[in-house]
Amino acid sequence: MMPLSFREAFEAQADRVTDKWDSYLDIYDKAFVAYRDREVSLLEIGIQNGGSLEVHARYFPNHKLIIGCDIHPRCGALSFPGNDKIKVVVGDANAAETRATITALSADFDIIIDDGSHKSNDIILSFLYFFPKLKPGGIFVIEDLHASYWQAYDGGLFHSSSAMGFLKDLVDLPNLEHWGFAMTPQEYLAARHPKYAPVISACDLSGIYSVQFFNSVCVIEKHLTDPVASLGQRRIRGTRAEVWPGALQMDGTGSIPPDQSNSRWSRPG
Ligand SMILES: C[S@@+](CC[C@H](N)C(=O)[O-])C[C@H]1O[C@@H](n2cnc3c(N)ncnc32)[C@H](O)[C@@H]1O
């Protein structure tokens with residue numbers, strides 16, 4: 001069978017309802033295409049009528065396991081005859097009991113999608129609880145981030161601990177080796193978001209490779225092999241360096257940041 005684009009898999013959905021904004025379909029395709037033929041383990045937080053689980057099953061024909069989690073009790077009645085690789089867990093995704101049920105079904109995931117309450121508090125906690133469950137090379141998608149600009153969803157444009165405020169700070173983590181002073185990712189994020197400090201301190205944040213923002217969507221990719229997603233060595237090729245001959249000496253060297261420990265900007269506030 002010809003592989004489907006995410007849009008095609010979505011358009012083919014005829015039974016249970018799924019609800020996505022049009023622009024997400026292409027963003028999903030770009031983010032997921034490398035995984036399309038693999039035996040993926042996928043977790044979706046927030047499934048409502050359950051149709052998105054069938055779309056994922058269609059898009060990833062070799063899926064190993066697709067778990068949908070939803071707080072709504074009626075989701076417990078959702079069934080997927082003919083596909084015993086789709087499982088539904090009912091409960092608040094961030095509650096310890098629900099998390100334990102999910103991780104008992106699968107210890108880790110290739111893809112995690114947060115389409116739950118869209119409240120900043122829930123989004124941040126779900127990221128901190130579930131990012132460590134993402135396999136190396138895995139993709140974490142958070143959608144409907146427009147709610148992050150709205151007060152009723154614990155958000156607002158100048159709210160530094162809105163979901164967007166928090167996610168923007170993740171961009172600093174792959175650049176840790178350039179900070180120029182000793183600080184862990186946990187210390188940094190806890191300083192920026194003290195409300196979440198206990199959860200942050202327990203969170204393994206290693207391997208954040210990229211953080212991409214689209215309209216209302218954030219896609220975070222975990223590095224396949226490198227837990228610090230390092231810059232690597234400098235690569236110089238060519239032999240003629242008339243403007244700066246020093247370049248010829250730089251091949252194979254590493255990046256050494258200037259010491260920033262006394263900088264006023266190495267402290268919050
Ligand atoms: C936008 S709908 C999901 C739509 C679905 N993903 C789709 O594509 O059709 C959001 C769902 O998140 C669920 N939800 C809200 N808070 C949640 C929480 N804390 N944990 C799990 N699910 C939650 C709601 O019950 C609702 O069904």
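How many nonpolar, polar and charged residues does the lining of the second largest pocket have, by class? Point 5 gives the count.

1. Basis. This is a predicted model, in which local features need pLDDT of at least 70, side-chain atom pairs count only at pLDDT 80 or more, and totals for chains, interfaces and linings use all residues. Residues are numbered from 1 along each chain as its sequence is written, and side-chain values use heavy atoms, with hydrogens and water left out.

2. Ligand shell. The ligand is surrounded by 19 residues, each with a heavy atom within 4 Å of it. Asp19, Lys20, Gly46, Asp70 and Asp115 are the closest. The shell has four nonpolar, nine polar and six charged residues. Here Ala, Val, Leu, Ile, Met, Phe, Trp, Tyr, Cys and Pro count as nonpolar, Asp, Glu, Lys and Arg as charged, and the others, Gly among them, as polar.

3. Polar contacts (pairs of N or O atoms within 3.5 Å). The side chain of Thr18 has an N or O atom 3.0 Å from an oxygen atom of the ligand. A polar backbone atom of Asp19 is 2.9 Å from a ligand oxygen atom. Glu44 places a polar side-chain atom 3.3 Å from a nitrogen atom of the ligand. The protein buries 87% of the 600 Å² that the ligand exposes when taken alone (Shrake-Rupley method, 1.4 Å probe).

4. Largest pocket. The ligand sits in this pocket: more than half of its atoms lie within 2 Å of the grid points. A pocket is an open set of points on a 1 Å grid over the protein atoms alone, where a 1.4 Å probe fits, with protein on both sides within 12 Å along at least five of seven lines; lining residues have an atom within 4 Å of a point. The space in the largest pocket is about 650 Å³. Its lining has 35 residues, with Gly46, Ile47, Asp70, Asp115 and Gly116 closest to the centre. By class, the lining divides into 11 nonpolar, 14 polar and 10 charged.

5. Second largest pocket. Its volume is about 370 Å³. It is lined by 15 residues; Tyr188, Arg192, Trp265, Arg267 and Pro268 lie nearest its centre. The lining has seven nonpolar, four polar and four charged residues.

Methods:
Polar contact = N/O pair within 3.5 Å; in protein donor to acceptor, adjacent residues only side chain to side chain. Points joined across faces, edges and corners; volume = space filled by probe spheres on them.
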